Each structure stands twice: as C-alpha cells, then as structure tokens.
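This report walks through one protein model. Please look over the sequence and the fold before reading on.

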Amino acid sequence: MTETNPSIVSVSGTGTASAPPDAMRIRLAASAFRPTLAAALADSESAAARVRAAFAAGGVAAKDAVTQGLSVHAEQVWTEGKGNEVTGYRSDHELLVTTRDMDAAGRVLGEALVAGGDDVRLHGVEFVVEDDAPLLVEARAAAWRDAVAKAEQIAGLAGRPLGRVVSVVEGGVGAMPPPMPKMRMMAAMAAPDMAVEPGGVDVHVSLAVQWELE
C-alpha cells in the first residue's frame, strides 16, 4: 500500500469592518489633595457626587456611571536630616461613565467637568460600537475572501488547483477604537460644550487557513 502526503498551502487572511460609534465611554477621577485624610476624602467624594449629578441631569443612567476605583494615601517628601514627612493626603474616586446620546455627549461631558470643579481629572474618552457582532460577521467574511484570493494565486503559481480545506483557525479578533477624538472647550463657560468629533470604530478579524493542493 502506498501512502501519499498531499501538498498543503497555508495562508492568512485579514478583514476589517467599520461603523460609526454608538456610545462614548468616559474615564475620569475626582482627586483631592488636602492636609488631612478626612478633608481629602470628603472633597473627592463631594466632587464625584457633583459629577454624577451632572451626568444624571444629562440623561445618563446611574448604572452607566460606575465606580472603577477608590484610593486614599498619604503623600510624603524626603528631606535631609528629617527623612520622610507627610505633606498631605490624596483621595481618588475613579469613574467610568457611558453615554449613548452621541449628539449630546460633548455638552454633557463639559457640564460634568465644570460641575466637578478643580478636583476632577479627565483621563480619556473611548468611542465604541456596543453590539459589534454584525461587524464581526462582515470582517470575518472579508478575511475569508482575502485568504481564498491568496491561496488561489499561490495554487495557480504552483500549477495545481486548490483541494479541500484542511483547517481554519480564527485569531486576532478585536475592535480598534478610532484615533483619540478631537475635543475643544467652547468659549461660553456658562454652557460648556466639549466639541467631540468621533471617527469610525474598526473591527478586525484574521483567519489562518490550510488547503490541500490537488
């Protein structure tokens, strides 16, 4: 009995699908540095409460303004002859806020920052497509077409037609957020508005495919 080992062609295909974002995630913190621990904690919590209230007034549900982290610690400096000395206490209350009203997102963000005052730090915003399943289907189909085109070219160069598919492995699935959004504070501070200009959200899929060569 004679066994034959079929020739194999292995390629990788990539596909991308894009869509406008339908939500904006905001990461910020109420951070207070005060001479005493009690003052730092009270002021950071007060700022966090004002931020939450501003988002609520802008239509953000309580479940979409959640605590991401809490910390309170002493800050110290070292001086010659004295060693470490406590200079004060810092309290941080980190929030993750999701808003789905893209038309009002900049206005609501500006109002929340002003409501929080000088103790609020904006760590960044991210635009997302919350249900990216349709985008994954589209990107996966594009990745398959890319893999087939490459395999057919290689088979043609070898002078042999493609046979059956031996294996398919999906990898590299993920969403790529748009570049950091452009934001500017409007001049009228009585009605602050962050001019947010989101781009599209890209979803990428890669497929590693093997075919037999007939």
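## Ala23 and its surroundings

Ala23 touches Thr98, Thr99, Arg100, Met102, Glu126, Phe127, Val128 and Glu130, leaving out residues up to four places away in sequence. Contact here means heavy atoms within 4.5 Å. Ala23 is found in strand S2. Its relative accessible area is 0%, so Ala23 is buried. Buried means under 20% relative accessible area, exposed means over 50%, and partly exposed lies in between (1.4 Å probe, protein chains only). The C-alpha atoms of Ala23 and Glu126 are separated by 8.5 Å. Along the chain, the two residues are 103 residues apart.

## Basis of the model

This is a predicted model: local features need pLDDT of at least 70, side-chain atom pairs count only at pLDDT 80 or more, and totals for chains, interfaces and linings use all residues. Residues are numbered from 1 along each chain as its sequence is written, and side-chain values use heavy atoms, with hydrogens and water left out.

## Overall layout

The protein has three helices and seven strands. Helices (H or I, at least four residues) and strands (E, at least two) are DSSP runs, numbered from the N terminus. In sequence order the pattern is β-β-α-β-β-α-β-α-β-β.

The protein has 214 residues, and 35% of them count as buried. Take the contacts in the protein with a separation of 6 or more: residues 24 or more positions apart account for 81% of them.

## Ala17 in strand S1

Ala17 is found in strand S1 (residues 7-19). Ala17 counts as buried, at 1% relative accessibility. Leaving out residues up to four places away in sequence, Ala17 touches Leu135, Glu138, Ala139, Val201, Asp202 and Val203. Ala17 and Glu138 are 121 residues apart along the chain. Their C-alpha atoms are separated by 6.0 Å.

## Packing of H1 and H2

Helix H1 covers residues 37-57 and helix H2 residues 105-116. Their axes come within 8 Å and cross at roughly 155°. That makes H1 roughly antiparallel to H2. Axes are lines fitted to C-alpha atoms, for helices over the stretch in contact, and angles run from 0 to 180 degrees between N-to-C directions. Angles under 35 degrees count as roughly parallel, over 145 as roughly antiparallel, 65 to 115 as roughly perpendicular and the rest as oblique. The crossing of H1 and H2 is right-handed. Right-handed means that the near helix is turned clockwise from the far one by less than a right angle; left-handed means anticlockwise.

Which residues of H1 and H2 meet? From H1 come Ala47, Arg50, Val51, Ala54 and Phe55. From H2 come Val108, Leu109, Glu111, Ala112, Ala115 and Gly116. The residues of this contact divide into eight nonpolar, one polar and two charged. Ala, Val, Leu, Ile, Met, Phe, Trp, Tyr, Cys and Pro count as nonpolar, Asp, Glu, Lys and Arg as charged, and the others, Gly among them, as polar.

Ala49 also has its place in helix H1. Ala49 is partly exposed, with a relative accessible area of 45%. The C-alpha atoms of Ala49 and Gly116 are separated by 8.1 Å, and the residues are 67 residues apart along the chain.

## Salt bridges

How many salt bridges does a search of the whole structure find? The search finds eleven. A salt bridge is a side-chain nitrogen of Lys or Arg within 4 Å of a carboxyl oxygen of Asp or Glu. Arg27 and Glu126 meet through their side chains in one of them (3.4 Å, N to O). Arg27 lies in strand S2 (residues 23-34) and Glu126 in strand S5 (residues 120-128), so this pair ties together parts that are 99 residues apart in sequence. Arg27 is partly exposed at 36% relative accessible area, and Glu126 is partly exposed at 24%.

Glu75 forms a salt bridge with Arg90, with the closest N and O atoms 2.6 Å apart. Glu75 lies in strand S3 (residues 65-79) and Arg90 in strand S4 (residues 83-99), so the pair ties together parts that are 15 residues apart in sequence. Within helix H2, Glu111 and Arg107 are four residues apart, about one helical turn. The closest N and O atoms of their salt bridge are 3.4 Å apart. A network of salt bridges links Lys63, Asp64, Arg100 and Glu130.
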